[in-house]
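My plan was to look up a few things and write each one down.

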Amino acid sequence: MEKISIYGFTKEELINWFIEHGEKKFRATQVWEWLYIQRVRSFSEMTNLSKQLITVLEENFIINPLKQVIIQESQDGTVKYLFELPDKNMIETVLMRQEYGLSVCVTTQVGCNIGCTFCASGLLTKQRDLTAGEIVAQIMEVQHYFDERQEDERVSHVVVMGIGEPFDNYDNLMGFLHVINDAKGLAIGARHITVSTSGLVPKINEFAENGLQVNLAISLHAPNNEVRTSIMRINRSFPIEKLMAAVDNYIEKTNRRITFEYIMLKEVNDRPEHAQQLADLLKNKKKLTYVNLIPYNPVSEHDQYSRSSKADVLKFYDVLKKNGINCVIRREHGTDIDAACGQLRSKQIKKEKKATAK
């Protein structure tokens, strides 16, 4: 039987596993603290456990399922990681230094089936979902990066915006959120966590009922169905009318603000009339919405797109502001490394294919 990562257990699940295997509840708590407070890398480092229990843990679990393949460090402090999974698939994780702390962007799937025509993440179709443990391990690897350098810094914010559609891996996503949010573990506050979706309407409605105070972001990228369908295949199944109904339901149930992500594509979605359409779309919910205008990172395989000029981005921004829409132009990170999500992974896979062909 293939061993699973113990990072995939919530504290309650870990306690239940220990009780089912004839161990005391407090032993599970001790293991939890070793994992997330002491942040050890092996069971043998858990010095207050018996050798017998350590053997049981080693027979049933691994701790970290990730292997570092590449680390790229940007001049602005951004760090991009390429990890290999036990099945040899690869994923990306990104650390960004923000004014408010260290933010990590995690991946939830190997590949992506959403099919956004501008995105590097979907260059390879979905191979599988990540387990909750594989998602948690991304946070732990970044935290160990600082621990090993004896730097007194901790991951304080998390964005679930890496490769894949998080809501297409909903159960593992929720397990991950409960692990990192646990007050007696990593203690990353729910309001410091943002989950992004391309618009899976049923899961947005389900997310509205979960009770976690986690932030929600919608990858909108267009103000009307014609443009959105042309760049995002998901709009065929969940057009803007259905998406906005789910947004209204989420706001009604949670009274929480939603961020709308909007990648600026030259002469595709960046005209002043597009900005006005977006403002009209959000006008009845502008108190609880926020637009994040994102400079496009060109992807060689999607050469039909290029980034909007700074002048056009500012015009777009001005139209939104004049209409009372809260918005910001996102600060760029890691522009001197493989900036777009999925690029580093795609480049490494191509490199390995060429080497194999030779």
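**Entry 1: salt bridges**

I began with a term: a salt bridge is a side-chain nitrogen of Lys or Arg within 4 Å of a carboxyl oxygen of Asp or Glu. I noted that this is a predicted model, where local features need pLDDT of at least 70, side-chain atom pairs count only at pLDDT 80 or more, and totals for chains, interfaces and linings use all residues. Residues are numbered from 1 along each chain as its sequence is written, and side-chain values use heavy atoms, with hydrogens and water left out.

I looked up Glu209 and Lys253. Their side chains form a salt bridge, at 2.7 Å from N to O. Glu209 sits in the loop between α6 (201-207) and β11 (215-219), and Lys253 sits in helix α8 (residues 240-254), so the pair ties together parts 44 residues apart in sequence. I wrote down what those names rest on: helices (H or I, at least four residues) and strands (E, at least two) are DSSP runs, numbered from the N terminus.

Next I checked accessibility. The classes are buried (under 20% relative accessible area), exposed (over 50%) and partly exposed (in between), with a 1.4 Å probe and protein chains only. Glu209 is exposed at 52%. Lys253 is partly exposed at 44%.

I searched the whole structure too, and 17 salt bridges came up. One of them joins the side chains of Asp87 and Arg128, at 2.6 Å from N to O. Asp87 is in the loop between β4 (79-84) and β5 (90-98), while Arg128 is in strand β8 (residues 128-129), so this pair ties together parts 41 residues apart in sequence. Asp87 is partly exposed, with 37% relative accessibility.

Then I took Asp168 and Lys126. Their side chains meet in a salt bridge at 3.3 Å, N to O. Asp168 lies in the loop between β9 and α5, and Lys126 lies in the loop between β7 (109-110) and β8, 42 residues apart. Both ends are partly exposed: Asp168 has 33%, and Lys126 has 24%.

**Entry 2: Asn169**

Is Asn169 buried or exposed? I found that Asn169 is buried, because its relative accessible area is 3%. Asn169 is in the loop between β9 (155-160) and α5 (170-181). The side chain of Asn169 reaches the backbone oxygen of Leu130 at 2.9 Å. I also listed contacts (heavy atoms within 4.5 Å). Leaving aside neighbours within four places in sequence, Asn169 touches Thr108, Gln109, Asp129, Leu130 and Ile135.

**Entry 3: two domains**

I looked up how the chain is divided. There is domain 1 (4-62) and domain 2 (67-357), with bounds from an automatic or database domain assignment. Their centres, taken over C-alpha atoms, are 32 Å apart.

How many residues of domain 1 are in contact with domain 2? I found 13 residues of domain 1, against 17 residues of domain 2. The two domains bury about 1,300 Å² between them, 60% of it on carbon and sulfur atoms. Buried area is the accessible area (1.4 Å probe) that two parts lose on being put together, summed over both. Tyr7, Arg39 and Arg41 supply 46% of the area domain 1 buries against domain 2, more than any other three residues.

Last, I searched this interface for salt bridges and found 4. I also noted that the side chains of Asp147 and Arg39 form a salt bridge, at 2.7 Å from N to O. Helix α2 (residues 25-36) gives the most to the side of domain 1 that touches domain 2, with 3 residues.

Terms used: Polar contact = N/O pair within 3.5 Å; in protein donor to acceptor, adjacent residues only side chain to side chain.
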